[in-house]
Amino acid sequence: EPDRRQLVYVGDGVNYNFNVEDVIENHRFFLGMNDNDLAGKVQLKYALNLNEEDLDNPFSYVTAGVQYRNKERDFGNNRYAYTLNPIEEANSSVDVNNPDQYLEFNDLVGGDYDVREETQPSDDYTASLSIIAPYAIYSFSPIQNKLSFNVGLRYEIAEQKINYNLQTDSDFEPIRTETLDDNEFFPSIVGRFNLTDDQIFRLSYSRTISRPDFRELAPFQYAPSFQDFTQQGNPMLENAFNQNLDLRYEYFFGQGDLISVSAFGKQLDSPIVPFVLTGAVSILTYTNAEDGLVYGAEFELRKNLGFMGGLFKNVTFGSNVTVLDSEVTLDASTVGTANSVTRPLTGASNYLVNGDLSYNVEKENFSGNFTLAYNVFGRRLRQIGDQGVGDIYEMPVSTLNFTSQMRLGMAQRFGLSFSVKNILNPDVVVEQELPQAAMSELDIDSYKRGVRFNLGVSFDLIKGN
């Protein structure tokens with residue numbers, strides 16, 4: 001957003017005038033952000049025991065290495081507000097499609113409007129993240145071609161820092177600093193058991209970390225659009241830690257055919273969740289919940305439809321269904337006594353369904369893949385309310401997409417891609433619960449994303465073998 005321009009009008013659908021009540025909403029907004037991210041890895045692999053029949057696949061080896069990352073951000077913005085004089089003539093109307101005519105330089109000199117800078121001390125910040133992480137993985141097969149394990153341990157030496165100001169500060173150079181410098185061990189274990197040649201059990205456990213994004217830490221206030229929640233980071237956020245467990249069964253019953261069933265669970269320590277801070281202006285910010293739990297199951301099926309006849313030999317059907325339950329517990333001081341301290345995990349639907357049909361064709365001068373994909377998710381929490389203000393949920397949305405990739409011509413050097421995204425173009429509806437009112441919820445936002453068409457053409461000057 002190097003130069004965002006916004007004017008807000010009030011009217012009756014026919015005649016409009018300038019909004020002179022919310023002066024700050026008529027503005028120009030200049031944002032600048034510079035990110036530098038450097039990452040690298042060195043890794044060695046040493047075989048302890050060799051499989052004499054297959055020297056490229058030892059049945060016991062150690063992998064060790066170290067990863068490094070350093071990310072730095074310099075962020076700042078300037079905003080300028082217009083003070084506009086309303087049109088006083090009866091039945092007169094502002095031309096909402098030609099705002100520039102009211103903001104010419106001569107109008108500024110003539111006093112029809114003025115401009116003042118509204119940049120706040122909190123609008124600038126710098127941030128950095130540095131991670132050095134040595135790790136080792138021991139891979140071994142107690143029973144060759146039957147049972148195998150990968151046991152890993154990672155140690156992260158990390159420091160995340162943000163330099164910032166609050167709106168109430170008088171200095172425009174960042175004078176406050178918050179640092180997260182957790183040094184932690186992260187173990188993992190992955191086991192695989194081949195029940196038969198086409199049936200596999202997998203078990204995995206890991207401990208992971210979720211760090212706040214820079215934008216979730218910075219107290220910079222930003223409104224994506226008029227009357228949307230003002231977003232603001234929280235520099236007091238802490239890192240979140242997760243214990244992850246997954247059990248999966250896979251059955252390969254044909255070429256490319258698969259049935260799998262899995263169960264999963266996550267134990268969350270201090271998960272980061274968005275919530276609405278109620279006041280004169282409602283602000284969307286972030287906080288650490290006390291703890292959380294996520295568990296569920298997933299079913300996946302992929303099947304070639306050739307058994308239905310020759311016409312379907314190149315058609316594949318795929319689907320996966322996920323059901324889950326989640327709960328996070330918040331500090332009572334965060335949400336107040338009028339709200340429950342337990343919620344579902346933000347962004348987690350209690351069900352998710354995907355399905356697709358794919359058609360593949362391979363000929364001498366033509367090859368292609370055509371896919372129709374469907375997705376629907378259940379009602380999911382978007383933001384947590386506080387002090388008696390209800391939680392905000394996104395309602396279920398069904399999405400249908402079509403994609404195609406083709407190669408044609410001599411040696412198939414010509415490429416053609418075509419896609420249609422969001423074919424159904426459903427309403428995206430956001431509701432807020434009203435615990436203190438007679439009605440149970442209220443639609444606070446509704447919009448369509450629109451149907452998107454994409455067409456791509458390519459030609460390979462040099463065709464490989």
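Author: Let us begin with a term: a salt bridge is a side-chain nitrogen of Lys or Arg within 4 Å of a carboxyl oxygen of Asp or Glu. Please keep in mind that this is a predicted model.

Reader: How many salt bridges does the count come to by this rule?

Author: The count is 22 salt bridges. One of them joins Arg343 to Asp391, with the closest N and O atoms 2.4 Å apart. Arg343 belongs to strand 20, whereas Asp391 is in the loop between strand 23 and strand 24, so this pair ties together parts that are 48 residues apart in sequence.

Reader: Are Arg343 and Asp391 buried or exposed?

Author: Arg343 is buried, at 5% relative accessible area. Asp391 also counts as buried, with 5% relative accessibility; the cut-off for buried is under 20%.

Reader: Which side chain meets Asp123 in a salt bridge?

Author: Arg79 does, with an N to O distance of 3.2 Å. Asp123 lies in the loop between strand 6 and strand 7, and Arg79 in strand 5, so the two are 44 residues apart and the pair links distant parts of the chain. Asp123 is buried, at 1% relative accessible area, and Arg79 counts as buried at 16%.

Reader: What about Arg154 and Glu156?

Author: They form a salt bridge whose closest N and O atoms are 2.8 Å apart. Arg154 is partly exposed, at 23% relative accessible area, while Glu156 counts as buried at 7%.

Reader: Which residues are linked in a network of salt bridges?

Author: That network links Arg202, Arg248, Glu250 and Glu300.

Reader: Now to the aromatics. How many aromatic pairs does a search of the whole structure find?

Author: It finds 17 aromatic pairs. Phe29, Phe75, Tyr125, Phe220 and Tyr222 make up one aromatic cluster.

Reader: And which ring does the charged end of Lys45 sit over?

Author: The charged end of Lys45 is over the ring of Tyr61, 4.2 Å from its centre. Arg380 lies over the face of Phe377, at 3.7 Å from the ring centre.

Reader: One last topic: which residues form the nonpolar patch on the surface?

Author: The patch is formed by Leu38, Val42, Val66, Tyr68, Ile132 and Ile157, which together have about 510 Å² of accessible area. Strand 4 and strand 5 are the elements that give two or more residues to the patch. Ile157 lies in strand 8 and counts as partly exposed, at 41% relative accessibility.

Key: Residues are numbered from 1 along each chain as its sequence is written. This is a predicted model: local features need pLDDT of at least 70, side-chain atom pairs count only at pLDDT 80 or more; totals for chains, interfaces and linings use all residues. Side-chain values use heavy atoms; hydrogens and water are left out. Patches are made of residues with over 30% relative accessible area and no salt bridge: like charges are joined within 9 Å, nonpolar side chains (Val, Leu, Ile, Met, Phe, Trp, Tyr) within 5 Å. Accessible areas come from the Shrake-Rupley method with a 1.4 Å probe; for residues, only the protein chains shown count as cover. Helices (H or I, at least four residues) and strands (E, at least two) are DSSP runs, numbered from the N terminus. Buried means under 20% relative accessible area, exposed over 50%, partly exposed in between (1.4 Å probe, protein chains only). Rings of Phe, Tyr and Trp (its six-membered ring) pair if their centres lie within 6.5 Å; planes under 30 degrees apart count as stacked, over 60 as edge-to-face and the rest as tilted. A charge sits over a ring if NZ of Lys or CZ of Arg is within 6 Å of the ring centre and within 35 degrees of the ring normal.
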